[in-house]
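User: Could we work through this model step by step, with the basis for each reading set out?

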Amino acid sequence: TKMVALRFEVGSTVTPGDRLGSLRHVSPGPGTYARGGHVFSCLVGKLAVKENDTEAVVSVQSHSKTPALQQVLTVGQLVLCRVQKIMMQQANVEIIAAERVGRLSHKPDASIRRDDVRNQVSTSTGEDLLMENCFRPNDWVLGRIISLGDSRRYLISTAETELGVVRAMSSQHPQEQMKPLNWKEMECPVSGKKESRKVAKQSKSLNEILIGSDKQI
C-alpha cells in the first residue's frame with residue numbers, strides 16, 4: 001500500500017473542520033467535504049482511507065449512528081445556498097443547509113453555472129441570460145447538486161421550476177425581504193421596485209423541503 005499524505009493517522013479521531021489532507025493526494029468521501037484545495041472532516045469520528053488504482057478516498061466514520069450527523073452531500077440532493085459572488089458564466093455560492101440534514105456545520109463551496117440556471121426551453125427563446133438578472137450576492141437559493149465539479153466545488157442546478165431564489169433583500173431597502181411576483185421578478189414591499197431574479201416556485205416551506213418538517217432549520 002502506498003503512503004497517503006494525511007495530517008492525522010488512519011484510525012485516529014477527528015472532529016468537524018479538521019483539515020485531513022490536500023486534494024492533490026486524496027479525494028473526499030463520506031463524512032468529509034472539499035474546500036479551498038483541501039479535504040476537511042464534517043463529523044466527529046474515525047479517519048479511514050480506501051485506496052484503488054486511481055485514487056485514495058478519505059472518509060470519516062461517525063462515532064454516532066444518528067443519520068442527521070452524517071452531514072454528507074450527494075448528487076441529486078436539494079441544498080440551500082447563499083450567493084457569494086456573481087460572474088459572467090457562473091455564481092459562486094456556499095451551501096448552508098441540505099435536504100434530510102438541515103443546517104450544515106460546515107459550508108462547502110459550490111457554483112451555479114450559466115447553463116444550469118434555467119432549463120433549455122426557457123433559454124432558447126433568443127434572450128441572453130445574464131447571471132446578475134438571476135442572482136445577487138446574499139440571496140438564498142434552493143438548488144440541486146448535479147456533480148462535484150472539476151475545481152472541487154459542488155455544481156448546483158436551479159433549472160427546475162421549484163428551484164431558484166427563495167429569499168432576497170431589496171437593493172433599495174436592505175432590511176426588507178422582497179416578494180416574488182413571477183418566475184423572473186421580485187418586488188420590494190416598501191418602494192414597489194421590481195428586481196430580476198430566477199425565482200423558485202415554492203409550494204412547500206423551506207423547512208418541509210429540507211428536513212421534512214416545519215421545525216426551523
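User: Leaving aside its neighbours within four places in sequence, which residues is V190 in contact with?

Analyst: This is a predicted model, in which local features need pLDDT of at least 70, side-chain atom pairs count only at pLDDT 80 or more, and totals for chains, interfaces and linings use all residues. Residues are numbered from 1 along each chain as its sequence is written, and side-chain values use heavy atoms, with hydrogens and water left out. V190 sits in the loop that runs between strands β16 (185-187) and β17 (194-196), where helices (H or I, at least four residues) and strands (E, at least two) are DSSP runs numbered from the N terminus. With contact taken as heavy atoms within 4.5 Å, the partners of V190 beyond four places in sequence are H173 and E176.

User: Is V190 buried or exposed, or does it fall in between?

Analyst: Buried means under 20% relative accessible area, exposed means over 50%, and partly exposed lies in between, with a 1.4 Å probe and protein chains only. The relative accessible area of V190 is 49%, so the residue is classed as partly exposed.

User: How far apart are the C-alpha atoms of V190 and M178?

Analyst: The two residues lie 12 residues apart along the chain. Between their C-alpha atoms, the separation is 9.1 Å.

User: Why does R19 count as partly exposed?

Analyst: R19 belongs to strand β2, which covers residues 19-22. Apart from neighbours within four places in sequence, R19 is in contact with R7, F8, H38, V39 and F40. The classification as partly exposed holds because the relative accessibility of R19 is 34%.

User: Which residues does F8 touch, not counting those up to four places away in sequence?

Analyst: F8 is placed in the segment before β1 (13-14) and is partly exposed at 28% relative accessibility. The C-alpha atoms of F8 and L20, which are 12 residues apart along the chain, are separated by 6.5 Å. The residues that F8 touches are V14, D18, R19, L20 and L47.

User: What is the phi of N138, and where does this residue lie?

Analyst: N138 occupies the loop between α1 (120-123) and β12 (140-148), and at 54% relative accessibility it counts as exposed. Although N138 is not a glycine, its phi is positive, at about 80°.

User: Is V101 buried or exposed?

Analyst: V101 lies in the loop between β9 (90-98) and β10 (102-103). V101 and L73 are 28 residues apart in sequence, with their C-alpha atoms 9.2 Å apart in space. Since the relative accessible area of V101 is 16%, this residue is buried.

User: What is the volume of the largest pocket, and how does its lining divide?

Analyst: A pocket is an open set of points, on a 1 Å grid over the protein atoms alone, where a 1.4 Å probe fits and protein lies on both sides within 12 Å along at least five of seven lines, and lining residues have an atom within 4 Å of a point. The largest pocket has a volume of about 220 Å³, and of the 14 residues that line it, the closest to its centre are T161, W183, K198, V199 and K201. The lining comprises 5 nonpolar, 5 polar and 4 charged residues.

User: What percentage of the residues score a pLDDT of at least 70?

Analyst: pLDDT is the predictor's confidence in each residue, from 0 to 100. It stays under 50 over residues 66-70, a stretch with 7 contacts beyond four places in sequence in the model, and it is also below 50 over residues 121-126, which have 3 contacts beyond near neighbours in sequence. The chain averages a pLDDT of 83, and the share of residues scoring at least 70 is 85%.

User: What percentage of the residues in the chain are buried?

Analyst: The chain contains 2 helices and 17 strands. Among its contacts with a separation of 6 or more, 51% are accounted for by residues 24 or more positions apart. Of the 217 residues in the chain, the buried share is 41%.

Methods
Points joined across faces, edges and corners; volume = space filled by probe spheres on them. Nonpolar A, V, L, I, M, F, W, Y, C, P; charged D, E, K, R; others polar.
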